[in-house]
Amino acid sequence: MKRFLTFALAAALFSSCSDDDDNQIVTPVTPGEMSLTLDARIGNEDFALNKDFAVAGQTLNFNKLRYWVSNVVLVDTKGAEYKVPDSYFLMEEVSDLDLSGTINDKMTYPANKRETITLKNIPAGEYKTIKFGIGVDSKYNDNLSLRTGELTIANGMSNIAWMWHSSYLFTSVGGTVKKGADSKAFTAETGLNANYKTVSIDLPTPVNSSTSKGFVLNLDVIKVFDGIDVMANPAINAMTAPLMSTVSTNYATKAIIFGSEAK
Amino acid sequence: MTMASIRTIAFWAAALLFSSCSQQQVESEPEVYSFQVPANFPQPVFDTHNPMSHQGIELGRKLFYDVRLSANNKVSCASCHQPQLAFTDGMQLSKAGVSGTALLRHAPAIFNLAWVNNGLFWDGGSTNLESQVFGPLTAHDEMAQNLYELVDELNAVPAFVSAFQNAFQEPVSSQNVAKALAQFQRSLVSAGSKYDRYRLNQTGGALTSDELAGLMLVRQKCQGCHTGELFTDQGYHNNGIDADFSNTEHEGLYTGRYRISYDLADLGKFKTPSLRNVALTAPYMHDGRFTSLEDVLDHYSAAVKPSATLDARLPASGLNLSAQEKKQIILFLHTLTDLGFTQNPDHHKPQNF
């Protein structure tokens, strides 16, 4: 008899207090889900933190790789575009990050690796192109009080102090670079509306959303620095506008290529 | 207990839960605030992402005066932006922040911000009030507020929890703190000076001959930058107070607009402040270096320092104003004081708070 009472109360609790109708229909796995993986690499090797990579006479050792992927669009074989709503994702590979002095005097952001995102409610179709932005578009970049997707000023991917515009950091990659006996810390950060770039990747063969699990794209981190001597330019940011622009363009046009269909 | 009585209890328990929640769901919408554009002002362009409401403005006002917004719970926005001084602080460089360290910029006035469409801060480093607020709120030498703690502190005050619900139909969040503060600040309109009464041919708007002569001089000599009825072009100019911008300390703070645009043509440029209420907002310039309007006019008259980015409207030799012209300009500038604005109880610290 007590069970009956418990059930009634539990039912009441579950069914009340919801702002929307989402939980009225229990959907198992949405058939329209597709994954998008950006597999970070160094040339043909897998990208990893705290590991030496010998590239063109220099040794690079990374401690962070972070960037926003936003406004994902799938283009079907007829050219129709499906815009994934609220698609703002933070992709990253980081050790524990000290974010003290950002939104908080003392703060540690825990180590994380995130290369795959799930795109939900994709209409059934044959898709031939995937497009997305690297960074944050001007609407959200100019207004830190707007919320969508995973955007937040709380994870160190924004500039809310006096240093820059009050806006998001689009990308941030850093570590140490060695050449002979020389060793330097380096960071390459991008931001500002002009550097919001769209990546467009044509798939070698169209992908059917009902049979495919998704896509894997390859991000070659070395190509992010294409045309830039990291040893000579260890701090790329708003104060080095042309280099910041080059890095932004590299992300969009050189670093990301099609890898494979997700298995 | 019988089965029937248990069923009855269960029914009423469920009914109670349903009804309490449905009350929350039919909560009233925030009341739209109808922004009055003064007759002699241009139309402002509003950010559609943060519509003003009476509840939002009132919440913003409470937050503006609340010391909970700082790390040591001793500093509020009003510590440096006092309504009776047109929301300035009378200090050259404030030490009122959490660290007690003198700031590097002079506290700007807060009024007529609904018309600001070209960046906030002396160098324009923030696009709108909604983003701007996170600067002083988190800056180490200002309010140094941990944004997570802020949400916890506000959630501990039932009046704030309901005020956020009423204004945004959402719980407390740092984003909604920013939106509420932005709404309050946009509601601060100063358009009731003697000059405005003169412009609108209203009683009490007669200017003396010296004030009129001052107005003519301001139109000729100052309104290149301090333009229109807002008395600012919202632009950035090098007004010749410095000629050497090679100091790159403090992340380029002394380079002015350049630190935002990284355009060499912007070296030494700072935002044009409005001349409205200027008699109340001493000291002057981005670093508060001039203590009086006389000092300011002495600068423009004969102490302009030429440099590559000096504003073309300003002769390198200065405006060469006579003593009488300076006096007349200052007399006119006093007609831009709006005591109705500075004394408006709606802008002051809420009662019983």
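Student: What does the secondary structure of chain B come to?

Tutor: Chain B of this predicted model has 14 helices and 2 strands.

Student: How many residues are in chain B, and what percentage of them is buried?

Tutor: Chain B has 353 residues, and 53% of them are buried. Its accessible surface is about 15,900 Å², with 54% belonging to carbon and sulfur atoms.

Student: Among contacts between residues at least 6 apart in sequence, what percentage joins residues at least 24 apart in chain B?

Tutor: In chain B that share is 65%.

Student: How are two packed helices described?

Tutor: Two packed helices are described by the angle between their axes and by the distance between those axes. Take helix 2 (54–64) of chain B and helix 7 (residues 174–186) of chain B. Their axes come within 7 Å and cross at roughly 100°. An angle from 65 to 115 degrees counts as roughly perpendicular, so helix 2 of chain B is roughly perpendicular to helix 7 of chain B.

Student: Which residues make that contact between helix 2 and helix 7 of chain B?

Tutor: From helix 2 of chain B come B:G56, B:I57, B:L59, B:G60, B:R61, B:L63 and B:F64, and from helix 7 of chain B come B:V177, B:A180, B:L181, B:Q183 and B:F184. By class, the contact of these two helices has 8 nonpolar, 3 polar and 1 charged residues.

Student: At what angle does helix 2 of chain B cross helix 6 of chain B?

Tutor: Helix 2 of chain B and helix 6 (residues 158–168) of chain B cross at roughly 145°, and their axes come within 8 Å. The crossing of helix 2 and helix 6 of chain B is left-handed. On the side of helix 2, the contact involves B:Q55, B:G56, B:L59, B:K62 and B:L63. On the side of helix 6, it involves B:F160, B:A163, B:F164, B:N166, B:A167 and B:F168. The residues of this contact between helix 2 and helix 6 of chain B divide into 7 nonpolar, 3 polar and 1 charged.

Student: How far apart are the axes of helix 9 and helix 13 of chain B?

Tutor: The axes of helix 9 (residues 209–221) and helix 13 of chain B are 7 Å apart, and the helices pack at an angle of about 100°. Helix 9 and helix 13 of chain B are therefore roughly perpendicular to each other. In helix 9 of chain B, B:D210, B:E211, B:A213, B:G214, B:L215, B:L217 and B:V218 take part. They meet B:E325, B:K327, B:Q328, B:I329, B:L331, B:F332 and B:L333 in helix 13 of chain B. By class, the residues of this contact of helix 9 with helix 13 of chain B are 8 nonpolar, 2 polar and 4 charged.

Student: Which residues of helix 12 of chain B are buried?

Tutor: An α-helix has 3.6 residues a turn, so residues three or four places apart point the same way. In helix 12 (residues 293–302) of chain B, the buried residues are B:L293, B:V296, B:L297, B:H299, B:Y300 and B:S301. These buried residues of helix 12 pack against helix 13 (323–334) of chain B.

Student: Which residues does the cis peptide bond join?

Tutor: The cis peptide bond joins B:A282 and B:P283, with omega about -5°. B:P283 lies in the loop between strand 2 (270–271) and helix 12 of chain B.

Student: Is B:D123 buried or exposed?

Tutor: Residues under 20% relative accessible area are called buried, and B:D123, at 2%, therefore counts as buried. B:D123 is in the loop between helix 2 and helix 3 of chain B. Leaving aside neighbours within four places in sequence, B:D123 is in contact with B:R105, B:Y236, B:G256, B:R257, B:R259 and B:I260.

Note on methods: Residues numbered from 1 in each chain as written. Chains lettered and ligands numbered in written order. Predicted model: local features only at pLDDT ≥ 70, side-chain atom pairs only at ≥ 80, totals over all residues. Heavy atoms only, no water. Buried < 20%, exposed > 50% of the residue type's maximum accessible area, 1.4 Å probe, protein only. Helix = DSSP H or I, 4+ residues; strand = E, 2+ residues; numbered from the N terminus. Contact = heavy atoms within 4.5 Å. Axes fitted to C-alpha atoms, helices over the stretch in contact; angles between N-to-C directions. Parallel < 35°, antiparallel > 145°, perpendicular 65-115°, else oblique. Nonpolar A, V, L, I, M, F, W, Y, C, P; charged D, E, K, R; others polar. Left-handed = near helix turned anticlockwise from the far one by under 90°. Areas by Shrake-Rupley, 256 points an atom, 1.4 Å probe, with all protein chains shown as cover.
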